[in-house]
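User: I have a model open and want to go through it piece by piece. Can you take my questions as they come?

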Amino acid sequence: MHKIHFLLLSLLLFAGQALAQFNLNKPPATTFNLSYSNPQEYEIAGIEVTGANSLDAASIISVSGLKIGDKIMIPGEKISGAIKKLWKQGILGDIQVLVKKVEGNFIFLEIKLAERPRLSKFGFRERKKGSVENLKKTDADELKEKLHLIRGRVVTDALVRNSELRILRFYRAKGFLNAKVESKKEPDPVLKNSVVLNFVISKGKKVRINEIFFTGNEFASGEKLEGKMKKTKEKLRVSLGKNLNRDLLKLDTLKFKNVVNRLKELQLSEVGEYLGKNVNLNIFASTKFDKSLFEEDKDHILSYYHAQGYRDAEILWDSTVQASPFDLDLYIGIDEGERYYHRNILWNGNYLYDDKYLGKILGIRKGDVYNKANLDKRLNFNPTGLDISSLYMDDGYLFFNIQPVEVAVVGDSIDLEMRIYEGSQATVNRILLKGNNVTSDEVILREIRTLPGYKFSRRDIIRTQTQLSQMGYFDPEQIGITPLPNPNDGTVDIEYQVVETPSNQIELSGGWGGVFGFVGSLGLVINNFSLKKALQLKEWNPLPSGDGQRLAIRAQANGRQFQSYSVSFTEPWLGGRKPNSLTVSFNHSRQNRIDPVTNRTVGNLYISGVTVGIGKRLTWPDDYFVWNNSVSFLYYDIQNIQGFGLIAYNGIARNINFNSTISRNSVDNPMYPRHGSIVSFGVTLTPPYSMFRDPAEEGETINNFEWIEFNKFMFDNSWYVNPVANLVISGRIHFGFIGRYNPSQAIGPFERFNLGGAGLAGQNLLLGTEVIGLRGYEDGQVRPFETGYTDSGIPFQQPVDGVAYNKYVLELRYPLSLNPAATIYGVGFLEGGNNFANYQTYNPFKNYKAVGFGVRIFMPAFGLIGLDWAYGLDPIPGTNTISGSRFHFTIGQQIR
């Protein structure tokens, strides 16, 4: 036991000596004293990050720029620099760098953080008369898109302030210039270190423009200048002098009454003249004041002056004066400067064409008003004719350049020198295609006019762009063409960038089919079909596509009474080398007459047909023309059916006809055309059987309809004009005539014209007829009357389908959305038409008229859908009742 005690005592003594020796070697803890006058150098021995709940400590240390082993001065720039670096991240609310301890020259640091809260959700409220309510959904949805706030994002002062500014800009653009925004942050009770951000909006009332005053304008009146501003308009008023150089009179109630009283005194013929001189009607334009739109409108004013020769015109100042709490007056000061004219135009550097020829193409003569915009158009791009650049670039001179330089200004006259660099002709080297993920390269390449080895041509590039837009596979608004010149070898690569849009259409619809009641339709149209890929199961994704062929399958039915089935296939490039199309179609329709009492079928009309057509693109008169020829065979089985006018027929009828149609299509966009036209003339002929048939003997009855004979002529013309922005004026003219070969034989009941209503677009339920729409009247309501006789010889009037018709349409269109996923545009229209039973009564100037408006929606998956309201202005045929208000629903693109 004594030995054990001795051993323990020895161990304790040894441990005590070792511990004493260790403490002597370790530097003692030093008290840290910060002295700005005497900075000390330390080596960082450790860094600890505290307060970083959702941030990575290693990342914080890395961003700070501090690391273990660095030598730093305390105090010094490295510590302050570390704080600045962390603060710039914008995610921290407080940053401190603390000294935990100092051991000799070693220092241990603590980066103490306070994180900013994160966004858990946000919303919009509106303050109204002391109460706070939810903002209306349309505004809230628009603001969400504009703010781009994301859940989990750090809420900084800058984020809140920028959001408030975007909200203010949004409402000021709507005319709420006195709008205010207050942001409120509330802790989220569920998520730690998160806040709910609410924006409370006080819109106030819209501030509108009371009057616009101009000063300094001698050449143009104030009314003229205001008309040049597209988005900055004053309130509806009587214009009683608005030029500051004249008497400035503001509208008041007394003056308005004076005008009204004066109108009462005038004769009707004088009212229009008086209104034109004294009243400025501003009904449709918005009168809200938007600063950004006003800046654009000032540019419009200057563009007008520059186009009139006032190249130095300036807007010196503008200001607003509060006319009332919610109205302001707008003052604009103008310095018109001098009006300039062209004098001498000199040409320099031109070797291919002489001065006289270039001057003729330019079309500017000595003494013409100096118009810089017109000059640029005639030099570089003239949409209505030839310009200097196209003269060269259409002949391969891609590197051509022209610079107009003012070489002398004498009084009000300007001399120009056209400095030309012609360069050498460029040859197309490569064609690059991008964006066609579905459509095969060869389908695009065969439509391109600028192939490798060809001379570069700007005209061919523009023509190619039009051709690609008409294919229907790509978004016409996003077709990009970029020439990539290679000056070293005189070649050019041309890159075509396309954005594919869904081109296949599925139809699942129902509509009212007149006497047939409700009719359902089911159809599938594959506009970019591939017959070759249809045999490969892996290419069904979901349908075999990409070779530019068209397959359409369609069925319509309402049960026993009406059924129709059709299938058609088109190969646009038969053989793959030339744009010759082949179309094959089959159809079968059946119409049953049902006895309403017994519910038995007491009559029927069956029609089966096949058509084979060949189309060819022409190069003369130009390459917009197409010539289509087809042969059709139709088989009619008619038993006790009504619907063919006064001619009763039971039995079998056959129709073999040949159709030839020449058409020209130059529209720039098939979904929303702005420019161009479509014109077609078609002739349909059957063999003249009656010319070879022996005349009937006495008592013999000849079946004139066993082999149907007729000749038919159709003319259709549509044109489009784009006067300003996206506004489009469209006009259409349609004529149709059916004739006979034998003057002694009546025109048959087949293929006549049925006019009225929506045209049953996509639903031709009247078998054996040509259905034509006329809004403002019911389907088939515009029909002529013929005299028939009962078995006892009593005459009666019965409506029949016509042998001649005409139709005229004028439309005003404006797009609401040009998104390829849903092209939407509004339309206002005036149209008229008529239908005639014989040529003795035909009068192209006697028409049933209608006015109205509507909307068109094109969705690639469903095609074109239309809804119209129309008011028929004339009595319904056979009555004295004005047709009046009608709604029309259409499916599909209407040709007539």
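Analyst: One definition before the packing: contact means heavy atoms within 4.5 Å. Helices (H or I, at least four residues) and strands (E, at least two) are DSSP runs, numbered from the N terminus. This is a predicted model, in which local features need pLDDT of at least 70, side-chain atom pairs count only at pLDDT 80 or more, and totals for chains, interfaces and linings use all residues. Residues are numbered from 1 along each chain as its sequence is written, and side-chain values use heavy atoms, with hydrogens and water left out.

User: OK. What do the buried residues of H10 pack against?

Analyst: They pack against strand S15 (341–348), helix H11 (372–380), helix H12 (388–393) and strand S17 (413–421).

User: And which residues of H10 are buried?

Analyst: In H10, which spans residues 355–362, Leu358, Ile361 and Leu362 are buried. They cover an arc of only 100° around the axis, so they sit on the same side of H10. The arc is that of the directions from the helix axis to the C-beta atoms. Buried means under 20% relative accessible area, exposed over 50%, and partly exposed in between (1.4 Å probe, protein chains only). On the face turned away from the buried side, H10 carries the exposed residues Lys356 and Lys360.

User: What follows H10?

Analyst: Glycine 363, with a positive phi near 75°.

User: Which residues other than glycine have a positive phi?

Analyst: Histidine 148 is one of them, with phi about 55°. Histidine 148 sits in the loop between helix H4 (137–147) and helix H5 (157–173) and is exposed, at 54% relative accessible area. Asparagine 599 also has a positive phi, near 60°. Asparagine 599 is in the loop between strand S25 (580–594) and S26 and is partly exposed, at 49%.

User: Where are the cis prolines?

Analyst: The peptide bond from asparagine 541 to proline 542 is cis, with omega near -10°. Proline 542 is in the loop between strand S22 (518–529) and strand S23 (549–557). Another cis bond joins tryptophan 620 and proline 621, with omega about 5°, and proline 621 lies in the loop between S26 and S27.

User: Switching to the core. How many residues does the largest nonpolar one have?

Analyst: It has 24 residues, and Tyr636 and Phe750 have the most contacts inside it. A nonpolar core is a set of buried Ala, Val, Leu, Ile, Met, Phe, Trp, Tyr and Cys residues joined through side-chain atoms within 4.5 Å. Strands S26 (601–617), S27 (625–639), S32 (752–755) and S38 (848–859) each supply at least two residues of this core. S27 gives the most, with 3 residues.

User: What does tyrosine 636 touch?

Analyst: Leaving out residues up to four places away in sequence, its contacts include Leu605, Ile607, Ile652, Ile708, Phe750 and Glu751.

User: Glu751 is charged. What does its side chain pair with?

Analyst: Glutamate 751 meets lysine 712 in a salt bridge (3.8 Å, N to O). Lysine 712 lies in strand S30 and glutamate 751 in the loop between strand S31 (727–739) and S32, so the pair ties together parts that are 39 residues apart in sequence. A salt bridge is a side-chain nitrogen of Lys or Arg within 4 Å of a carboxyl oxygen of Asp or Glu.

User: Buried or exposed, that pair?

Analyst: Buried: lysine 712 has a relative accessible area of 5% and glutamate 751 has 14%.

User: How many salt bridges does the structure hold?

Analyst: It holds 40. One of them joins arginine 430 and aspartate 493 (3.0 Å, N to O). That pair links strand S18 (residues 427–434) to strand S20 (residues 491–497), the two residues being 63 apart. Arginine 430 is partly exposed at 44% relative accessibility, whereas aspartate 493 is buried at 6%.

User: Last one, arginine 458. Which residues does it touch?

Analyst: Among them are Asn380, Phe381, Asp387, Ser390 and Asp394, not counting residues up to four places away in sequence. Arginine 458 is in helix H14 (residues 458–470) and counts as buried at 16% relative accessibility. The C-alpha atoms of arginine 458 and serine 390 are separated by 6.7 Å, although the two are 68 residues apart along the chain.
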